[in-house]
Amino acid sequence: MIWKILSYPRFKLTSLPTPMERSIKLGKELGIELFIKRDDVMELCLGGNKVRKLEFIVADAIRKGCDVLITRGATHSNHVRLTAAAARKAGMDVYAVITPPGNMDTQGNILLDRLLGATLVPVEKTEEADDVMRSIAEKLRSEGRRPYIIPAGGASEMGVLGYTLAALEILEQSTLLGVRPEYIVHATGTGATQTGLTLGLKLLGAENVKVIGISNGRKASDVVKRLVELFNSTTSMLGLDVRASEDDFIVYDEYGFGGYGVITREVVETMKYVARTEGILLDPVYTAKAMYGLIDLVHRGVIRKGSTVVFIHTGGSPIPFQYAGKIAEYL
Ligand SMILES: Cc1ncc(COP(=O)(O)O)c(C=O)c1O
């Protein structure tokens with residue numbers, strides 16, 4: 001079945017596979033065999049997990065004859081930046097509804113959104129963002145344009161396919177490295193990453209690999225509900241007789257440190273720790289919180305000592321620059 005997904009149209013935005021590196025020092029300190037899957041290392045505009053989703057989403061938009069992408073995200077949204085970059089590469093225009101937290105100062109992702117020429121539409125109330133996207137689409141249609149709306153975070157069935165194939169990529173690389181992952185850990189938010197990985201592992205008969213999502217602010221029960229919906233709507237789209245329930249997903253929400261976009265001392269300490277052991281830059285909104293979660297789960301014995309763990313670095317490279325002042329407080 002995974003072969004059916006491999007034959008879906010994709011608009012190439014980066015070279016795959018991304019590197020999967022053994023993290024010798026960090027793994028040794030934690031007492032696990034640790035690999036970091038570098039989805040922050042991609043060709044499209046500083047990379048990140050959205051690129052895999054956008055390869056399928058943009059291909060879908062092209063197939064439907066669309067000429068403008070509309071999406072939404074917080075001011076530090078990696079998804080908005082990468083949607084803007086993908087749109088440009090595909091010769092399309094791009095509109096992004098921007099919601100709190102954060103401010104519109106021209107730095108980090110906002111700086112890149114502006115360089116890419118995205119039309120940014122700031123909205124104070126996050127709950128109004130979907131309506132605003134729809135009214136932008138209506139206006140564009142009335143002008144003869146063909147808009148394509150992408151939900152927050154690229155959390156659509158097409159987006160899920162990107163991480164379904166990433167599961168295959170991780171297993172192939174693990175085979176080449178002569179290891180068998182027991183856990184895959186990553187930051188989870190709007191859900192396509194975790195849904196795709198879970199679906200991919202299921203289709204490959206590797207359900208024994210546990211995917212652990214670390215929520216960057218949302219309540220675990222809300223995230224899981226969304227993952228189940230997204231999984232089931234994707235398998236319906238694929239015509240597959242596979243359904244998921246809440247038991248198929250593991251999400252921890254105790255590493256949000258005050259919520260989405262809140263940066264605390266622990267978050268910056270984790271960024272410093274990984275920078276100083278592995279020379280790897282984490283971001284303070286997603287990946288540092290996920291890494292803190294991974295480290296704590298090892299300390300708590302939830303992730304077994306001696307086990308093989310793949311941490312997916314999902315990106316976010318511009319975000320530290322957007323929050324330089326906040327990060328500097330704890331340096
Ligand atoms: C760097 C980074 N990591 C993780 C996530 C969460 O991924 P998903 O929305 O697929 O759950 C995002 C999405 O916003 C992200 O930008």
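Two residues are taken to be in contact if their C-beta atoms, placed from the backbone, lie within 7 Å. The structure is a predicted model, in which local features need pLDDT of at least 70, side-chain atom pairs count only at pLDDT 80 or more, and totals for chains, interfaces and linings use all residues. Residues are numbered from 1 along each chain as its sequence is written.

By this contact criterion, and leaving aside neighbours within four places in sequence, Gly306 touches Gly31 and Ile32. Gly306 sits in the loop between helix H11 (287-299) and strand S10; helices (H or I, at least four residues) and strands (E, at least two) are DSSP runs, numbered from the N terminus. A residue is buried if 20 or more other C-beta atoms lie within 10 Å of its own, exposed if 12 or fewer, and partly exposed in between, with C-beta atoms placed from the backbone. Gly306 is exposed because it has 8 other C-beta atoms within 10 Å. The C-alpha atom of Gly306 is 9.5 Å from that of Lys28, although the two residues are 278 apart along the chain.

The domain assignment of the protein chain gives domain 1 (2-48 + 155-328) and domain 2 (50-154), the bounds being those of an automatic or database domain assignment. Taken over C-alpha atoms, the centres of domain 1 and domain 2 are separated by 23 Å. Contacts between the domains involve 32 residues of domain 1 and 33 residues of domain 2. On the side of domain 1 that touches domain 2, the elements giving two or more residues are helix H7 (157-177) and helix H12 (319-322). The largest share of that side, six residues, comes from H7. The residues on this side of domain 1 comprise 18 nonpolar, twelve polar and two charged. In this classification Ala, Val, Leu, Ile, Met, Phe, Trp, Tyr, Cys and Pro count as nonpolar, Asp, Glu, Lys and Arg as charged, and the others, Gly among them, as polar.

The ligand has 20 residues around it, of which Gly189, Thr193, Tyr286, Thr314 and Gly316 come nearest; a residue is near a molecule or strand if its C-beta atom, placed from the backbone, lies within 6 Å of it. Domain 1 and domain 2 each contribute at least three residues to this shell. Helix H4, strand S7 (183-188) and helix H8 (192-203) each supply at least two of the shell residues, and the largest share, three residues, comes from H8. By class, the shell holds four nonpolar, 15 polar and one charged residues.

Strand S7 is mostly covered, with six of its six residues buried. S7 pairs in the parallel sense with strand S8 (residues 210-215) over six bridges, where pairing requires that DSSP finds at least two bridges between two strands. Within this pair, Tyr183 stands opposite Lys210 in S8. The β-α-β crossover from S7 through H8 to S8 is right-handed, in the sense that, with the strands pointing away from the viewer, the path from the first strand over the helix to the second runs clockwise. S7 is also joined by three bridges to strand S10 (residues 308-313), again in parallel, and Val185 has Phe311 in S10 as its bridge partner.

Strand S3 (residues 68-74) is likewise mostly covered, seven of its seven residues being buried. Seven bridges link S3 to the parallel strand S4 (residues 93-99), with Thr71 opposite Ala96 in S4. Together S3, helix H4 (residues 78-89) and S4 form a right-handed β-α-β unit. S3 additionally pairs in the parallel sense with strand S6 (residues 147-149) over three bridges, and the bridge partner of Leu69 in S6 is Tyr148.

Most residues other than glycine have a negative phi, and most peptide bonds are trans. The peptide bond from Leu16 to Pro17 is cis, with omega near 5°, and Pro17 is in the loop between helix H1 (2-6) and strand S1. Pro100 and Pro101 are likewise joined by a cis peptide bond, with omega about 5°; Pro101 is in the loop between S4 and helix H5 (108-115). Cys45, in the loop between strand S2 (33-38) and helix H3 (50-63), has a positive phi near 40°. Cys45 counts as buried because 23 C-beta neighbours lie inside 10 Å. Phe257 has a positive phi near 45° and lies in the loop between strand S9 (250-252) and helix H10 (265-278). With 19 C-beta neighbours inside 10 Å, Phe257 counts as partly exposed.
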